[in-house]
Amino acid sequence: MSTSLGLIQTRSFPVIVRVADAMTKSAGVTLIGFEKISGGYCTAIVRGNIADVRIAIEEGIEVARQFNQEEISSLVIPRPLPNLEVVLPISSKLSQLAQSRGYSRLSNLAVGLLETRGFPAMVGAADTMLKTADVQLAAYETIGDGLCTVIIRGTVSNVAIAIDAGMYEAERIGELNAVAVIPRPLDELEQALPVASCFVAQPVTLPVAIPQAQKEEVQRSERAGERIPVYLEPPGTP
Amino acid sequence: MRSTLASTLPTSLRSQAWLVQSGKAHYVVSGEVDIEEEASIGPGVLLRANPGCRIHIGRGVCIGAGSILHACGGSLVVEAGATLGRGVLVIGQGTISENACIGSEATLLNCSILRQAVIPPGSLLGDPTWRSEQETTGVTQTEPEETERVQELPAAPVQGVSEAPPPSSEAEVTPQEQAEPTQEKRGVGKLNGIPGRAELERLLGKIYPHRQVLSSRDGRF
């Protein structure tokens, strides 16, 4: 298994999620996940064929530039050695899938991300967003450097209006850093996003079929004995 | 250069061309502006390309006096043979195709003109609610203003645009500020530089097409 590796790093969580969204939609790459070292640096890791990875990384850089990210660093390794894959968290998600983290009840909904510098602004913005539109607060994420991101889910119109309102509230309370709306995330992006435990529905295990002793069919022989006597009278009797 | 222009022009126009040259007409160029030979540019024309944008003036283009061409959000291309009347205002990106004729005092906001099209004088084309990329992303607040230079017009208006403009302290010239369609329409100016804001605005514009018209001055519902 010698798939290529692509990495792209920005200094904002909403931006890297938006970049990952663009990358997964641009070519046949698999999103491994986000690596969040502190200081606000977030890295999206993708794997796939070399052509797909190159396309995806170019697309990701373009999107990151649209988001006014000055410090973008990216890397494409056509054939990482197995030792690299064993040590670094860049290998495929087989181990994660094996854990079966459950099924998020908020899937198939648009994603909105709002990042502030400082916790009160994030909480205030989240409160305003929940009161503005029909959205669910899915999780929050901190990436260091005082940056924390609130993640909301809902239909795309609700999410867009909620983010718009939350943006002003966050700016009023503290410092707004970045916003992003993803109208229709792919499944693997959803898997990579954090979801609060209250929204994770654990898969229900079906009860094992236990062999039960079947009751024997009751013989209805009691009534068989009750016979109504029939007397036949001979004809001609008065 | 003088001789080349003079030789290409018909005899009746030669005297006029010389007149322009002797009158030392001025026009202002700022940013990446690329003017091909044999384009005629009247006096007092402002050609301004924002950082990352460019203006291309094709062969034989005629731009009337006092016109303003301001490229923002992309390339502004005036193809060969197009004629722009006096005082035409072109803002944004787009292409004015071959041999198009724009009447005087017309305003083109971020739109393209088909070839051979004739635009009547004083008309307004494009979406009036359109806002320039510069405003939404706040490029001007972060990037240093490009300096401008006033070019003297020799007989043929050929620009050496490749050379870097000399740095000067007076960066901004007032006529170009006036050329901005809507400067700081929204009250919350701090939000303009936020990453993702522009994309959110585009998304909201698609979901709610009449939002810009309905929203109040501070940009909120």
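Which residues in α1(A) and α2(A) meet? The points below take this up, then move on to the other parts of this predicted model.

1. **The α1–α2 contact in chain A.** From α1(A) come A:V15, A:R18, A:V19, A:A22, A:M23 and A:S26. Facing them in α2(A) are A:I55, A:A56, A:E59, A:G60, A:V63 and A:A64. Sorted by class, the contact of α1(A) with α2(A) has 8 nonpolar, 2 polar and 2 charged residues.

2. **Geometry of that pair.** Helix α2 of chain A covers residues 50–66. α1(A) and α2(A) pack at an angle of about 145°. Their axes lie 8 Å apart. The crossing of α1(A) past α2(A) is right-handed.

3. Helix α5 of chain A spans residues 119–132. It packs with α6(A) at an angle of about 145°, and the axes are 8 Å apart. The two helices cross in the right-handed sense.

4. **Who makes the α5–α6 contact.** On the α5(A) side are A:P120, A:A121, A:G124, A:A125, A:T128, A:M129 and A:T132. On the α6(A) side are A:I161, A:A162, A:I163, A:A165, A:G166, A:E169, A:A170 and A:I173. The contact of α5(A) with α6(A) divides by class into 10 nonpolar, 4 polar and 1 charged residues.

5. **Where chain A touches chain B.** How many residues does each chain bring to the contact? Chain A brings 19 residues and chain B brings 14 residues. On the chain A side, α1 (13–26), α6 (156–173) and β9 (175–182) each supply at least two residues. α6(A) gives the most to this side, with 7 residues. By class, the side of chain A that touches chain B has 12 nonpolar, 4 polar and 3 charged residues.

6. **A sheet in chain B.** Chain B has an open sheet of 4 strands, in the order β2-β5-β8-β11. Its pairing is parallel. The edges are β2 (32–35) and β11 (94–96) of chain B, and each pairs on one side only. From one strand to the next, the twist averages 5°.

7. **Inside the sheet.** Strand β5 of chain B (residues 54–57) pairs with strand β8 of chain B (residues 76–78). The sense is parallel, over 3 bridges. What is the bridge partner of B:I57 in β8(B)? That partner is B:V78.

Notes: Residues numbered from 1 in each chain as written. Chains lettered and ligands numbered in written order. Predicted model: local features only at pLDDT ≥ 70, side-chain atom pairs only at ≥ 80, totals over all residues. Contact = placed C-beta atoms within 7 Å. Nonpolar A, V, L, I, M, F, W, Y, C, P; charged D, E, K, R; others polar. Axes fitted to C-alpha atoms, helices over the stretch in contact; angles between N-to-C directions. Left-handed = near helix turned anticlockwise from the far one by under 90°. Pairing = 2+ DSSP bridges.
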